Amino acid sequence: MSTAQATESLPTIHIRPANPDDGSAIIALDRLVTGSNKAEYWADFLQRFAGKNHKIQRHFLVAETEEQKLVGFIAGEIRAWEFGSPPCGWILALNVNPELRERGIGTQLFDALCAELKVAGVSTVRTMVRGDDKVNLSFFRGEGLAAGPYIELERRLK
Amino acid sequence: MKLQKASRYALYAVLHLASEPGRQFSTADIAAQYSVSTHHLAKVMRALVRCGLIESVRGVGGGYRFTGNVRRTTLWDVIAEFESLEANIEIPDNLEGEAEKIFIGLDIVNQELDTLIRATLDSITLQTLLRYGEDAAKK
């Protein structure tokens, strides 16, 4: 059985590496999606992942329209040997403008990041999402991610 | 987790309706397609209408129509009405001392399992569920 579902037309999107000048647009998009202002966090993130500090283990990509409006971003890095895990790509952030969701922008960003990670030598990609974050969980499920051999554990510090 | 019969019927119905969102199907159509009881399916269809996943269309050629979005509607959305993730461990009455502590511990474990099961079911959209089946069939 297949399902038919109307999908709005896909705008022409260009995926490119982020640069430090994208900072304000990234902060604004994150604030729009999460409702919190994390300017310092993203400034530090961009410094480590974008521009001249870009390394093959770290990737920060943005999606922009033909009018050069930033409408999404994704970031990931390669981590290795945490509790025995061989080198693996970690997706650390993903955001798409809510008004442009379900048009394939997240998939384009995800595919582009996976391509970079594959070139960098890893064969597995992993992420961690809140159990009640339905939008991101269902997106990653749709991209083929499933529960893996590691389990997230946490506790409050006393 | 053992899937209730009503959950299975709900998935048949919702996925069948979602396969042609603009078209209406009667309970009898769907029951015949999946070889299930029309009577039991009718109860499930009424529950799905109450949940807002499908709507009833009256008149000639009437039936039911899918009102959700296969890229957003999850497995949990469809079966939540029919499933209970309440802890399955029955704590006997009048427990005391060490026995009570053991059951309290087991109850905490069960709550953790419920949280994981709920999160998993609520992360799988109908589109993803169908793709799992199609991918497995190709192999």
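Arg16(A) is buried, with a relative accessible area of 18%. Here buried means under 20% relative accessible area, exposed means over 50%, and partly exposed is in between (1.4 Å probe, protein chains only). The model is predicted: local features need pLDDT of at least 70, side-chain atom pairs count only at pLDDT 80 or more, and totals for chains, interfaces and linings use all residues. Residues are numbered from 1 along each chain as its sequence is written, chains are lettered from A and ligands numbered from 1 in the order in which they are written, and side-chain values use heavy atoms, with hydrogens and water left out.

Arg16(A) belongs to strand E1 (residues 13–17) of chain A. Helices (H or I, at least four residues) and strands (E, at least two) are DSSP runs, numbered from the N terminus. The side chain of Arg16(A) forms a polar contact with the side chain of Asp22(A), at 2.8 Å. A polar contact is a pair of N or O atoms within 3.5 Å; within protein, one must be able to donate a hydrogen and the other to accept it, and residues adjacent in sequence count only if both atoms are side-chain atoms. Residues up to four places away in sequence aside, Arg16(A) touches Asp22(A), Phe60(A), Leu61(A), Val62(A) and Glu64(A). Contact means heavy atoms within 4.5 Å.

Chains A and B meet through a pair of helices. The axes of helix H4 (residues 134–142) of chain A and helix H6 (residues 126–138) of chain B come within 9 Å and cross at roughly 20°. H4(A) is therefore roughly parallel to H6(B). Axes are lines fitted to C-alpha atoms, for helices over the stretch in contact, and angles run from 0 to 180 degrees between N-to-C directions. Angles under 35 degrees count as roughly parallel, over 145 as roughly antiparallel, 65 to 115 as roughly perpendicular and the rest as oblique. The crossing of H4(A) and H6(B) is left-handed. From H4(A), the contact draws on Ser138(A), Arg141(A) and Gly142(A); from H6(B), on Thr128(B), Arg131(B) and Tyr132(B). By class, one of these residues is nonpolar, three are polar and two are charged. Ala, Val, Leu, Ile, Met, Phe, Trp, Tyr, Cys and Pro count as nonpolar, Asp, Glu, Lys and Arg as charged, and the others, Gly among them, as polar.

Arg131(B) lies in helix H6 of chain B. Its relative accessible area is 26%, so Arg131(B) is partly exposed. Beyond its neighbours within four places in sequence, Arg131(B) is in contact with Arg141(A), Gly142(A) and Gly144(A). A polar atom of the Arg131(B) side chain lies 2.7 Å from the backbone oxygen of Gly142(A).

Within chain B, helix H2 (residues 27–34) packs with helix H3 (residues 38–51) at an angle of about 125°, with their axes 9 Å apart. H2(B) and H3(B) are therefore oblique to each other. Their crossing is right-handed. Thr27(B), Ala28(B), Ile30(B) and Ala31(B) in H2(B) meet Thr38(B), Leu41(B), Ala42(B) and Met45(B) in H3(B). This contact has six nonpolar, two polar and no charged residues.

The loop between H2 and H3 of chain B holds Ser35(B). Phi of Ser35(B) is near 55°, a positive value in a residue other than glycine. Ser35(B) counts as exposed, at 68% relative accessibility. In chain A, Gln68(A) sits in the loop between strand E2 (58–65) and strand E3 (70–79). Gln68(A) is not glycine, yet its phi is positive, near 60°. Gln68(A) is exposed, with a relative accessible area of 61%.

Conventions
Left-handed = near helix turned anticlockwise from the far one by under 90°.
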